[in-house]
Amino acid sequence: MRNGRIIVDIHAHVEHIDSEDRLSPGEFGSFMDAGGIDKSVILGGDQVDAGSKPVWCDPTEIKVPTNFDDDQVAQFCSEFPDRLIGFGSIHPDRHRPERKVRRAIEELGLAGIKLYPHAGFYPNDPRLDLVYQTCTDLKVPVMIHTGAKAARWQLLKYNRPIYVDEVATRFPRLQIIMCHGGFPWYDEFLAVAHSNPNIHVDITWIDCLERVFHRPGSAEQVVRELTQIIGVERILWGSEGP
């Protein structure tokens, strides 16, 4: 706690030590302590086939599994329940994904759901309608990745913020967290956030994007514009991981 305020990291992935092992809860907690973070939201990753990639992809490109399933997230967070908050993850290729949502929230005690469109689907995919309705009914947020993709073999087109607009409009009571500033669609990201009061924005990793794409000052500019357009109350911060 800093100056009477709790510092919450809204967007954290559990990093791998090697191709098989992830950081332990204790190791993760030590990074939180070093960073002055009181609570972290630990994100699951459902990209259907752990460590998978298209057959045309160089087999050396993906060195670690991509999936971190709901049970693993719940077990990880159970070690420090006062500091770690778990989010499950959904992919529409799963059979009846809305059932997976209900189990994550009601049985495993997770607090939200994360979607990774670059795993091969658009956020407005009709197969996700029951997922969104279930999250609305359960009053839990859905976090949606937008902008830069995670791996070369994924497709950037799925990550455009404009597809989140349809979700937010069709499900006005659904609480949505739209991630990463939407780069390279910053203006689209701003417009979608402004147009939909049920969207919070996550500014995780925009400082790294500034460096990677040689855009000096872009991270500060995005934060300034978001502050002016939607207000600080709807801006969330995350570290991406230790």
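**A buried lysine and the sheet around it**

Good morning. Lys-114 is buried (under 20% relative accessible area, with exposed meaning over 50% and partly exposed in between, for a 1.4 Å probe and protein chains only), yet Lys-114 has no salt bridge (a side-chain nitrogen of Lys or Arg within 4 Å of a carboxyl oxygen of Asp or Glu). The nearest side chain of opposite charge, Glu-240, is 6.5 Å away; here Lys and Arg count as positive and Asp and Glu as negative, while His and the chain ends are not counted.

The model is predicted, with local features needing pLDDT of at least 70 and side-chain atom pairs counting only at pLDDT 80 or more, whereas totals for chains, interfaces and linings use all residues. Residues are numbered from 1 along each chain as its sequence is written, and side-chain values use heavy atoms, with hydrogens and water left out.

What does Lys-114 touch? Leaving aside residues up to four places away in sequence, its contacts (heavy atoms within 4.5 Å) include His-11, His-13, Met-143, His-145 and Cys-179.

Lys-114 lies in strand β4, residues 112-115; strands (E, at least two residues) and helices (H or I, at least four) are DSSP runs numbered from the N terminus. Across from Lys-114 stands Ser-89, and β3 and β4 run parallel, joined by 3 bridges. On pairing, two strands pair if DSSP finds at least two bridges between them. β4 also pairs with β5 (residues 142-144) in the parallel sense, over 3 bridges, where Leu-115 stands opposite Ile-144.

Turning to the whole sheet, 8 strands form an open, parallel arrangement in the order β1-β2-β3-β4-β5-β6-β7-β8. β1 (8-12) and β8 (235-236) each have a single partner strand, so one side of each is left without a neighbour in the sheet. Helix α1 (residues 25-35) packs on the sheet, touching β1, β2 and β3, and its direction makes about 135° with that of β2 (axes are lines fitted to C-alpha atoms, for helices over the stretch in contact, and angles run from 0 to 180 degrees between N-to-C directions).

β3 is mostly covered, with 5 of its 6 residues buried. By contrast, Pro-81, in the loop between α2 (70-78) and β3, is exposed at a relative accessible area of 60%.

Finally, the largest nonpolar core has 62 residues (buried Ala, Val, Leu, Ile, Met, Phe, Trp, Tyr and Cys joined through side-chain atoms within 4.5 Å). Ile-42 and Leu-115 are among those with the most contacts inside this core. Helix α6 (residues 186-195) gives the most to the core, with 5 residues.
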